[in-house]
Structures are given as structure tokens and as C-alpha cells.
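Please brief me on this protein model.

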Amino acid sequence: MNSSYVVAGFTDAFGIHRAVPGHTRDALTARFDRTAALNSDVVIATPGRWHPLLFGKVELEDGTVVRAEGTVDRPGYHRLTTDDGSTHLLLAAPEHLPQPPRTSGLAVQLYAARSRDSWGIGDFRDLALIARSLTARRAGVIMVSPVHAMAPVVPAMNSPYSPASRMWLNVLHIAPGDAPGAERVDLSDLAEAGRRLNADRRIDRDAVARLKSAALERIWAAIRHDQPAEFRRWAAERGAALTTFATWSVLAEIHGADWRKWPSRYAHPANPAVAVFTGEHADRVRYHEWCQWVADRQLATACRSGATVCLDVAVGFDFASADAWQHQDLLALDFEVGCPADPWNREGQRWSLPPFDPCALVNADFAPFVALVRSGLRHAGALRIDHVMQLWQLFWVPVAGSVADGAYVRYPVDEMLAVLRIEAARAGAWIVGEDIGTVAPEVRETMASIGMLGYRTEMGARSGANPEGSMGAAGTHDQATIAGILTGSDRAAMELIGKAFDPEFVEDTRRELCARGGIDPSGPIRTDDVRAAVIAEYRALAACPSRVVVATLDDAAGVAERPNMPGTIDEYPNWRIGLPEPVEDLLAAPLAGDVLATLAEGRTV
């Protein structure tokens, strides 16, 4: 029986113990009996350190075969055949993750951070602009919302946390005018139309996609028969994985974004009909490969432009996505990832993301996880892992049930952390784990022991209790902004859409902000009051022990609307609210300058 993967119960954010419903436990146990891991005996070793199992033949990652006598010297993914004839995946991982300097910066929703030259959405050129601006203001890091790939269809997916693929990039973040080959064509008409989209704070991804697709197709038509050598090399290095994603993109354009509704001959990437399709649509497949190269090239430039770019890795991908199509044999498609209720989301959350079956992941030698981390660190200097508990356990909600029917499922955390250390060491990158909410004490202990930063959103004096090994912030994309709390506009928005919330908790938070900023909570809230509260909040955060501290760009711009209202889809304009002014103006404004200066005090960049 494989019931050991199922956590028997948990204590929720309200201190109430929740047992797993019997029908959920039975369904999960039956699943894991079917998918029981065949290669569960993975050996994890530290290079240069003696291990009792390291006696035998080791086939190193590069194919070299050596004899192990208790140690292995080279980090990586190896295959061990012990003297008794048993074979094992050998993960030779450094003991600790690289560490960042004591620094500060901004957390940015890239789609919202539009410059004057943007085409209706923030792009990688804007990311480079922000990185340069932060460096000039003594800030060392910019944490960015996920830039994962989305389906090339209308209507476009708005949430960056429900991507088509976490391996590839969102081409809506391409700045078309900076694409190699753009100098061969006239894009002035499209650029003018794109800039007009900036006048509306509501981001229209469909309009953005139409314009950017037209621009990229215009460039592709000019260079398709004279493809840059750099692109050809890049595509060849990425091989079948790139072609699979590009093929999915063309299939999605023709048959719709949900592979589960495609003709049955295309239902699985290994089907012979898929290879035939790729050949029949070779030019369009190549176009999508080229778009990924352009995006990758521009992200690389942004990551070299100034402050360290910390990319956010979403917890999963959409059911209809390219990743779900590619990895369908490794997924539990009758469940979705979510989380139990908390004070801000009293109904709990379900995220429409299919979870990996932990047994199947082990049987695949963790290949999807290795590829995910490696792609995230191709250019970035740091990663933030959303919902870091995904490495230990995930809350599985039955697709046909409710959040109350959910259960936590364990994952092979030691092996996944070893993968993370291998890839981070190769990239020289540091890692942040978002550990907000219901997190077991041993999780944070393990994170600290390997040098993974935690993520703390304690406000005011409470941030003084942040551990040194953490990134400190005043909030997340799912929480109200300081201006939204102070003015009451966030509460009004929740009331307008009928979202359940704890009014006492909301009011206590508001009064706390007022007290810290010297503001009369009973009087009208003015612009100067918002500024006072924001500066007071980040002054407290700047003094906390956290190795890295960040302000949200929304707070630094005095924005009242939060990016996302969890538990809603169309009731609130989630992930569609642009910043009220061009990002270069907001960064040059007194409030942002004061916030960054406040955070930088006492920190070495």
C-alpha cells in the first residue's frame, strides 16, 4: 500500500485540525498503488564526502565511467551500479546553495510595468530599464512575476501563474522593435498602435497579441530564408523539447488551446500523427521556435543590465497546457493543486493546475523538474519558487470535489532539493522559497540548513523577527497594497464582488498602518498619508534581519489596486491592471526614490 504519500491530516491557518476525508484517502491510495515508484532508491551524495553506498561503477553525466570507492568528486546526475549489482540514480549535490549579498530592491509585475515605448504590456526591454534604474538607486535585485509561456490563442490567459509551459517564455514580453531582423521591415504602424494601448490601465492581452504577432510574423517573413546562425545553433541545442513546444503551439492555433479536445490522433506527443503534423507545418513550427529564441535573447539582455533578476517559478501549469500535454503520463489529471482556507481566502483556493504524481516523477528520474530549474536559471541570477511547499507536499483537490475534500500529498523532497542545489551551483544563483501560510516547522529548518531563503511578509515591528536567511517583503501579489488597505478601497472591492473576508483582520491591519505612519484612521486619507504609511512600513522592513528586502512596485507607486484577488476569475480584473504611469516616470517619482533609499540604508549592494 502507498498511503504513506498521503498526509493523514493538518492544522489549518485557524488552528483547526483537518483530517483527510475517507473517500479522498482511498482514491489517492489506489492511485499510488498503481504508479508505485520503480526507482525509489535514489542515492544522494555530497561531492568529496564519503557515502556508504558509493562502492561500484559510476557512469557520470557526460558518459565517463569511473570506479567509486566511497566518494564521488563531480557534482551532477550520475548512474551508480554498486558492487552487489543494484543500480541507482546518483545525485551528487553541493551541501549548500549560493548566497546573495545583503541587498534590497523591488518586486515587479512585469506585465503592468509599461514604459512609453511598450506595446500595451510590460516587456523584456522594460525589465532591462528597471534593472538599470534600480542599480542607479543602490538597489541590487528585481523580483519579477512569472514570464512563462502562454498559449497563442484568443482569448489569452491572463494569469502568469497558469502558464502553458514553465520551460519556455511568454512572447508577449518581446519588444518587437528589438528583435534581430526588425531593421529589415517597417513596424511603425504597429508600434504606434501598440503605444496607444498604454492609455488604458486595463491590459488587453488579445490586442497586444494581435499587434505583436503581426510584427513578429512580418520580421519572420523577411528572415525565414536567411535565419541567423545564432538562432540555428540555439534551436539545435534545445532539440526535441523546443520542437515539441513549437508543435503544440501550432496545434493550439489550429485546434484550440486545450489538447484534450483535439482530434485523438494528436492527443499524445508520441503519436505518429504528431510527427507528421510537425513536418507538414514545418515553417510555422520554426516560426514559434524563432519567437522563443527572440524572447530568450531579450531576457538574457535584461538579466545582464543591472540589478540581479529573480524570476518567479509558478507552482504548476494549466490543464490544457503544453506541459500537461507533454507530461500527461506523469500527472494526476483527476486532481488540481490548491490550498486550504486562510484569513484572506476563507473559502480556500483551487488553482486549476494538475499535480505531478510523485511516484511517476521518481520513475522519470525527475527529468521535468531538472528541466524546469535549468531553464529558469539559464539567465537569471536567482529564482523564487512559488509555494515552496510544492517540494515537500501539495494540497490536492479532487476536480469533481470541493476544497474541503482536499488532502496534502508528499513529494520526494530530498531528491528535489538535491536537484535544486546542483542547478543553482552551476548557475551561481541563489534561491528563495515562498513559505507563507501553512508550513511545517521542519520545512523551514531544512531550507535554512541548505541556504534557501524563506519569504516573509510580516509588517511593521513583526518583521524584526524575520530570520537572516530570508527575503523580507510587506506583501505579495495576492494581498492588498498599502494604499488599498489605508484608503479602504481594497475592502470596498471585496465587498463589491461578494468575496468573503475577515473584517476585523482587515480593520486591525489598517489601524496598524495608520499608527505606524502617524495618520488619523478616522479622517480622510490623502496622498501624503499614503506616502507616510508606505515609508514607515518600508523603514521597518529595511531594519529587519532579512538578507534581502523588497518593496512591491505597486506600493512604491502608491497604487491602491492589488494585482490579484484570489478565489476570483472574472469578478475582479486579476493580472490585468497596468501601473497608472509609465514605469520610468514612477521610478523617477519622489515616492519610489524615497522607498528605494529607505530600503538601501544599511545594506551593501
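Predicted model: local features only at pLDDT ≥ 70, side-chain atom pairs only at ≥ 80, totals over all residues.

Residues are numbered from 1 along each chain as its sequence is written, and side-chain values use heavy atoms, with hydrogens and water left out.

**Helix 7**
- Helix 7 covers residues 282-303, 22 residues in total. Helices (H or I, at least four residues) and strands (E, at least two) are DSSP runs, numbered from the N terminus.
- From first C-alpha to last, helix 7 reaches 32 Å, close to the expected 32 Å. That expected span is 1.5 Å times one less than the number of residues.
- Of its 22 residues, 16 are buried, so helix 7 is mostly covered. Buried means under 20% relative accessible area, exposed over 50%, partly exposed in between (1.4 Å probe, protein chains only).

**Nonpolar cores**
- A nonpolar core is a set of buried Ala, Val, Leu, Ile, Met, Phe, Trp, Tyr and Cys residues joined through side-chain atoms within 4.5 Å.
- The largest one has 166 residues, and W290, L391 and M452 have the most contacts inside it.
- M452 touches L97, V388, L391 and L417, among others, not counting residues up to four places away in sequence. Contact means heavy atoms within 4.5 Å.
- A second, separate core has 13 residues, including V141, A382, V432 and L453.

**Second largest pocket**
- A pocket is an open set of points on a 1 Å grid over the protein atoms alone, where a 1.4 Å probe fits, with protein on both sides within 12 Å along at least five of seven lines; lining residues have an atom within 4 Å of a point.
- The second largest pocket holds about 390 Å³ of space, a volume filled by probe spheres set on the points.
- It is lined by 26 residues, and A151, P152, V153, V171 and S213 are the closest to its centre.
- Helix 4 (205-223), helix 5 (229-255) and helix 7 each supply at least two lining residues. Helix 4 gives the largest share, six residues.

**Backbone**
- Most residues other than glycine have a negative phi, and most peptide bonds are trans.
- V154 and P155 are joined by a cis peptide bond, with omega about 0°. P155 is in the loop between strand 10 (148-149) and strand 11 (165-169).
- F366 has a positive phi near 65°. F366 counts as buried because its relative accessibility is 0%.
- W575 has a positive phi near 60°. W575 counts as buried because its relative accessibility is 5%.
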